[in-house]
Amino acid sequence: MRALVQRVTEASVTVDDQLCGQIGPGLLVLVCAMQDDDAAGAQALADKIARLRIFRDDAGKMNRALADTGGGALVVSQFTLAADTSRGNRPGFSAAAPPELGRRLYQTVADRLAEQGIATQQGVFGADMRVALVNDGPVTIWLETRTPPLAPQKGHAMDEADFSPAEYDDRLTRIRGAMERRGLDALVLSDPSNMAWVTGYDGWSFYVHQAVVIGLEGPPLWWGREMDAAGARRTVWMSEEYIAGYEDSYVQNPDKHPMETLAARIDAMGLAAGRIGVEMDNYYYSARAHAVLAAALPGTLQDATGLVNWCRSVKSPAELERIRRAAAIVGAMHRRIHDVARPGMPKNELVAEILHAGVMGADGHWGDYAAIVPMTPSGLDATAPHLTWDDRPMQPGETHFFEIAGVYRRYHCPLSRTLFFGIPPKKYRRAEEAVQAATAAAMERARPGNTCEDIALDFNATLNAHGFEKDSRCGYSIGLSYPPDWGERTMSLRRGDLTVLRPGMVFHLMPALWLDDGGLEITESIVITETGAEKLCDLPGTLFMKN
């Protein structure tokens, strides 16, 4: 969509000497729809026009929007804004939308302005019009918006795992409801998982400062390093004016900080004096970032850690489809382990096979990188939960567990299994039986209306009845994530977590036992259904043995 916006003291439009529309102080808006435009682009253009701060405040600065002045808008169609003058002297207009589409989108712009309380007048689409105006200033602004993509551009056709504009709208509605309940005027998200969930942004750029800013209306703003703005243009659903980059001299420079530029952006959005939520207990939001932002903004910064994470707790059908594809991938990864693992095999060689299987994917769907690297300890190393790998050969007579995840387009499905070469000792068979029984008890309790605590109590009671104890939580919520953690950092399956289970919640049920000479992990990723819970992966929940 294209528009030429002029600040006027008065403007009018006539057709065949008949007055069609007339305004006093306000904006004259000439509008042109392009070939690939749609209603979302037209609405975004209207929203931008309504928020343009090009009217003088009491200090004489351009700091007020049309709605602040009570002025009107005169909207006139003008397909010649599509002119292409790159060849010859006669302009071409083939890039303009066909008449019916152009008429519909032109009307969408006018209607959207009127919905925001702006007194809106119109010309006649396609007619030969006479437009009169008195430009105030003069102030004339060229605007252009592109149609947002339906989903991150991954080079594949739209399918059931893609997110529609309606889904992104629903996410913003949920977030804004949570913001209003906390009295927030704006929200700054630095968690890349939350940034992706809101905008679709997907890039390995979280090692520098970046954020998404959400106000109580309009599209969110993506803000980050200037070179990463190119990635934002490829992946976010918003149009160009909602992508802002800071120049490279701010990167890792002790003399200045990127948050200075973010504060300026927030001020330009008219949000600087409000109550602004930030994710204070977050891997990606440093103490200095908070100090700089707080010093630069006159408003109040309030901790909003987890606000968006909790909005993500119930998965949409498209999100569940991504997780199911990730489940198929992690199943293929474990089958690869079983096929190629052998005594004497250097652990790093096996991890290479695991990573290869994860990236190759399953069932025709490619694999993404995991937020956590494979954790693959053996023997005494397996008495600890979070060790990775080295080049030592795998040995018979000891347990080897593999805590890994399949990932599809950033959605994770973790799954752990344990391998033993030969016949495992009786205590490991007893531990296997205990874990299987406790898992069955947890699955029986995992149904809508029960709580996270209910699952944990039944799990631990069953485990204790079999002679084993587990002090840590037995599960946590999962879904969309980036390094260094594939958990959502909300619900935990443990005593005291009274979160009520709802259909669409997804958990990693983690009944791991770390014994005195090794470890046993047989875990499941589950989704809460309307009537109970479903295991996402069809891999047998047993201790794998291989001669």
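View 1. Cys474 is buried, at a relative accessible area of 1%; buried here means under 20% relative accessible area, exposed over 50%, and partly exposed in between (1.4 Å probe, protein chains only). Cys452 is buried too, with its relative accessible area at 0%. Neither pairs up: Cys452 is in no disulfide, and its nearest cysteine sulfur, that of Cys474, sits 9.3 Å away. Seen from the other end, Cys474 is in no disulfide either, with the sulfur of Cys452 as the nearest one. A disulfide takes a pair of cysteine sulfur atoms within 2.5 Å, and by that rule the count is zero.

A word on what you're looking at: this is a predicted model, where local features need pLDDT of at least 70, side-chain atom pairs count only at pLDDT 80 or more, and totals for chains, interfaces and linings use all residues. Residues are numbered from 1 along each chain as its sequence is written, and side-chain values use heavy atoms, with hydrogens and water left out.

**View 2. Asp191 in the loop between S9 and H5.** Asp191 lies between strand S9 (186–189) and helix H5 (192–199); helices (H or I, at least four residues) and strands (E, at least two) are DSSP runs, numbered from the N terminus. Is Asp191 buried or exposed? Its relative accessibility is 0%, so Asp191 counts as buried. Leaving aside residues up to four places away in sequence, Asp191 touches Glu279, Asn282, Tyr284, Asn309 and Arg489, where contact means heavy atoms within 4.5 Å.

**View 3. Helix H11 and its buried face.** H11 covers residues 347–360, and its 14 residues should span 20 Å at 1.5 Å a residue; the end C-alpha atoms are 20 Å apart, which agrees. That expected span is 1.5 Å times one less than the number of residues. Buried in H11 are Lys347, Leu350, Val351, Ile354, Ala357 and Gly358. Down the helix axis these buried residues fall within an arc of 120 degrees, so they line one face of H11; the arc is taken from the directions from the axis to the C-beta atoms. Their cover includes helix H10 (317–340) and strand S15 (399–408). Over on the other side of H11, Val359 and Met360 are exposed.

**View 4. Helix H12, residues 426–445.** With 20 residues, H12 should span 28 Å, and its end C-alpha atoms are 29 Å apart, which agrees. Buried residues of H12 include Tyr428, Glu432, Val435, Thr439 and Met443.
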